[in-house]
Amino acid sequence: TIALKHGAHRMGNRTDADMVRWRSLRFGQFIHWGLYAIPAGEWNGKTYNGAAEWIRSWKEMPHKAYDQLYRQFNPVNFNPQQWAAQAKAMGAKYMIITTKHHDGFCLWPSKYSKYTIAASPWKKDLLGPMIDAYNKAGIDVHLYFSIIDWNHPDYRASLKNAADSAAGKRFQVFVKNQLAELLQRYPTIKGFWFDGTWDDSWKNDGAFSDELEQYLQALHPGLVMGSRLRADEKGARHFDSNGRLMGDYEQGWERKLPATIADVHGNDWEAVMTVPENQWGYHAKWMGHVKTVNEILEMLVKSVSLNGNFVLNFGPKADGTYRAEEQQLAAGIGEWMKVNGAAVYDGTYAGFEKQDWGYYIRKSGTDSVYMVVFNMPVSGSLRVKLPARTELTGVSMMQGNVALAPEWIGRNEYFIHLPNKQQESPMVILLKTVKGENKDKGNVEKAR
Ligand SMILES: C[C@@H]1N[C@@H](C(=O)NCc2ccccc2)[C@H](O)[C@@H]1O
């Protein structure tokens, strides 16, 4: 291994209470809200096809025009209690809010910048009321913070000379001050979700990112921060130059999921997902495919089955309301979660051989394993192969708690014959198992 001063400082996952809690929540809501919701992907009658929150980088959008938008930001219909109620009904257990995206506009009245909500017609802090409302609804809040800051005069993508280095130093002080300010203003937050850390100026100062992470942990013990904040002293990001994960969980799964358990290397991880192909901020015209409730549920269940968290993104409008598609999606997901959430919350990798009908999820630390069926076989019979030294002592449908009698088909294999092959939404079956010798006979018959 390479000697590193600013690589990973921990082998294996965190086991402290704050991380155990984060891991148990499994389902989060991302909220991207800011000035970009005003143009909403359109400018002077033309449509920007990129992600709405990146419109400032579009050649048809003059920087000066974008940078004046704060004069119009006045979310008169902002209702944080309603936002929190919608998230609670959806079944989200944590929420990540953009405090400041790449454009540098702060949703809180930061004393380190003039480019904040205080300068807008709204004037008032938006983060405080949101955090209070979500915490009251029993939902943890994490703060998204972009290191890239297109508005700050000292931001440099790369440091080419002494003047750049001096600016870079000033900018690092600014970042540290804003993060400490956020922790001081909002002491109930549980973590930071860093973004915009791919430029050379950040990547080439692994020592600073390491010191910053330790500084924040010291200020707020237990804080949960993903791998995207970090670089090591050789410029390696997420994984240090010895291939060890930095930060508390792998944060690279943006609009994509791991395929198998091998892809996550035993690390905690989190996927963040957009409803359309690639829109985080509000875009007036969603183009292309808009994901359905069942698609989102499959991504959520697959993430949990592979020991990860899944975060679904919402992009509120400039006035503070949500578009209809997002409201309908939240409601539809919530309906399923109300009945089947036990299979998701506190879920972990089950260690069963994957089958085509769907996913296994083990309730953390127990012998209870959920089967979440997405692909009903024409036979209506679900094959189950038990891991070694595992015996099956009970099978039941989650809906209605109906007991099922599996058919033993040899060695450690069973068929679960479903009474009804029709399914409009993912079906959950609960397996009760015990550690056993996996004797070569149908031990469920004995358990009957
Ligand atoms: C969470 C999302 N991250 C921002 C983004 O630009 N992602 C694109 C990207 C993803 C990975 C490496 C570089 C750039 C998007 O604007 C969202 O904030």
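Arg411 is exposed, with 56% relative accessible area (exposed is over 50%, buried under 20% and partly exposed in between, using a 1.4 Å probe and protein chains only). Its phi sits near 45°, a positive value in a residue other than glycine. Arg411 belongs to the loop between β16 (407–408) and β17 (413–417); helices (H or I, at least four residues) and strands (E, at least two) are DSSP runs, numbered from the N terminus.

The model is a predicted one, so local features need pLDDT of at least 70 and side-chain atom pairs pLDDT 80 or more, while totals for chains, interfaces and linings use all residues. Residues are numbered from 1 along each chain as its sequence is written, and side-chain values rest on heavy atoms, with hydrogens and water left out.

Asp346 also has a positive phi, near 65°, and is not a glycine. This residue is found in the loop linking α9 (324–340) to β11 (347–348), and is partly exposed at 32% relative accessible area.

Now for the ligand. Residues around the ligand include His32, Trp54, Tyr144, Asp195 and Glu254, counted when a heavy atom lies within 4 Å. By class, this shell holds 5 nonpolar, 3 polar and 3 charged residues.

Polar contacts (pairs of N or O atoms within 3.5 Å) tie in here. His32 places a polar side-chain atom 2.7 Å from a ligand oxygen, and the side chain of Trp54 has an N or O atom 2.9 Å from an oxygen of the ligand. For Glu254, a side-chain N or O atom lies 2.7 Å from a ligand nitrogen. Taken alone, the ligand exposes 430 Å², and the protein buries 74% of that.

Technical notes:
A polar contact is a pair of N or O atoms within 3.5 Å; within protein, one must be able to donate a hydrogen and the other to accept it, and residues adjacent in sequence count only if both atoms are side-chain atoms. Accessible areas come from the Shrake-Rupley method with a 1.4 Å probe; for residues, only the protein chains shown count as cover. Ala, Val, Leu, Ile, Met, Phe, Trp, Tyr, Cys and Pro count as nonpolar, Asp, Glu, Lys and Arg as charged, and the others, Gly among them, as polar.
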